[in-house]
Amino acid sequence: MGGAVSAGEDNDDLVDNLMEAQYIKRKQVEQVFRGVDRADYFLPDHRDLAYKDLAWKLGNIHLSAPCIYSEAMEALELKPGMYFLNLGSGTGYLNTMAGLIIGATAGVNHGVELHADVVDYAYERYANFVENSKFFDKFESCEPEFVVGNCLNMVTGAIFYDRLGWLCYCMVLHSILYCTLIINIRQ
C-alpha cells in the first residue's frame with residue numbers, strides 16, 4: 001500500500017501532499033506530521049526513500065506508508081491524557097506523533113514490538129527526536145514506552161487503553177494486505 005500521493009523532496013512537501021490528497025485533515029495531525037520528520041526513522045543509507053508514499057522494511061525495521069500513518073492518526077482522534085497502545089510499534093514513529101498529542105500529563109503511550117533490536121532502535125530514534133527536533137519544545141510529549149512482546153499473546157494487567165493502533169502487513173497469496181485496526185476501548 002502507498003503510492004497514493006506524489007513524493008516530496010522533504011518532510012514538509014510530504015505533509016503538503018498528504019493534505020492535498022485529504023489524508024491529513026485536522027490541524028493537530030498536520031502539526032505532528034510536520035514536527036516529526038519521517039526520514040529520522042529510516043536507517044541512514046535509506047533516508048532517500050523517506051518522503052515517498054511507500055512502506056519500507058529492512059531486516060526487522062519497518063515503516064508503513066505515510067498515507068497509512070496519516071489515516072491512522074486521523075482515525076485515532078487522540079486527545080490529551082488518553083491511554084494509547086500501539087501493537088507492532090516498529091521504529092516508534094507513530095508513538096512519537098501520538099505522544100505529541102497525548103501530552104505529558106496523565107497520558108500513556110505504549111508500544112509492543114516483537115523484535116528486541118527494533119525496540120532498541122525505537123528508543124534511539126525517540127532520543128534523537130528529543131535531542132535534535134526543533135519542534136520538540138513546542139509540545140509537551142507523552143514519552144513512549146516500548147516493550148518486547150508478541151501482541152497476539154499479551155496480558156495488559158490493569159491498564160485499559162482509550163485507543164489501540166495496529167498497522168500491519170501480511171503476505172496473502174503473494175500480495176501485501178495492509179490493515180489498520182483502530183479500536184476505541186475506554187469511553
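## Nonpolar cores

A nonpolar core is a set of buried Ala, Val, Leu, Ile, Met, Phe, Trp, Tyr and Cys residues joined through side-chain atoms within 4.5 Å. Here buried means under 20% relative accessible area, exposed means over 50%, and partly exposed lies in between (1.4 Å probe, protein chains only). Please keep in mind that this is a predicted model, in which local features need pLDDT of at least 70 and side-chain atom pairs count only at pLDDT 80 or more, while totals for chains, interfaces and linings use all residues. Residues are numbered from 1 along each chain as its sequence is written, and side-chain values use heavy atoms, with hydrogens and water left out.

The largest nonpolar core has 40 residues, and V32, F33, M73, L78, Y93 and M97 have the most contacts inside it. At least two residues of this core come from each of α1, α2, β2 (61–63), α3 (66–76), α4 (93–102) and α5. These element names follow DSSP runs, with helices (H or I) of at least four residues and strands (E) of at least two, numbered from the N terminus. Helix α4 supplies the largest share of this core, 7 residues. A second, separate core of 6 residues includes L85, V112, Y161 and L164.

## Helix α4

How many of the residues of α4 are buried? The count is 10 of the 10, so α4 is largely enclosed by the rest of the structure. The buried residues in α4 are Y93, L94, N95, T96, M97, A98, G99, L100, I101 and I102. Just after α4, G103 takes a positive phi of about 85°.

Y93 deserves a look of its own. Leaving out residues up to four places away in sequence, Y93 touches F33, V36, R38, Y41, L63 and Y69, where contact means heavy atoms within 4.5 Å.

## Salt bridges

The structure holds 7 salt bridges, each being a side-chain nitrogen of Lys or Arg within 4 Å of a carboxyl oxygen of Asp or Glu. In one of them, the side chains of R34 and D16 meet at 2.5 Å, N to O. Because R34 lies in helix α2 and D16 in helix α1, the pair ties together parts that are 18 residues apart in sequence. R34 counts as buried at 19% relative accessibility, whereas D16 is partly exposed at 37%. Both residues also belong to a network of salt bridges that links D12, D16, K27, E30 and R34.

R26 and E74 form another salt bridge, with their closest N and O atoms 3.0 Å apart. This pair links distant parts of the chain: R26 sits in the loop between α1 and α2, E74 in helix α3, and 48 residues separate them. R26 is partly exposed, with a relative accessible area of 28%. D40 and R47 make a further salt bridge, where the closest N and O atoms are 3.1 Å apart. In this pair, D40 is partly exposed at 23% relative accessible area, and R47 counts as partly exposed at 35%.

Is E74 buried or exposed? E74 counts as buried, at 12% relative accessibility. Apart from residues up to four places away in sequence, E74 touches Y23, I24, K25, R26 and V29.

E71 is also found in helix α3. E71 is partly exposed, with a relative accessible area of 36%. K25 and E71 are 46 residues apart in sequence, and their C-alpha atoms are 9.3 Å apart in space.

## The second largest pocket

Rolling a probe the size of a water molecule over the atoms shows where empty space is left. On a 1 Å grid over the protein atoms alone, a pocket is an open set of points where a 1.4 Å probe fits, with protein on both sides within 12 Å along at least five of seven lines; lining residues have an atom within 4 Å of a point. Grid points are joined across faces, edges and corners, and a volume is the space filled by probe spheres set on the points.

The second largest pocket has a volume of about 260 Å³. It is lined by 16 residues, of which R34, G35, D37, D40 and F135 are the closest to its centre. Two or more lining residues come from each of α1 (11–20), α2 (27–35) and α5 (116–132), and α5 gives the largest share, 4 residues.

By class, the lining of this pocket has 4 nonpolar, 5 polar and 7 charged residues. In this scheme Ala, Val, Leu, Ile, Met, Phe, Trp, Tyr, Cys and Pro count as nonpolar, Asp, Glu, Lys and Arg as charged, and the others, Gly among them, as polar.
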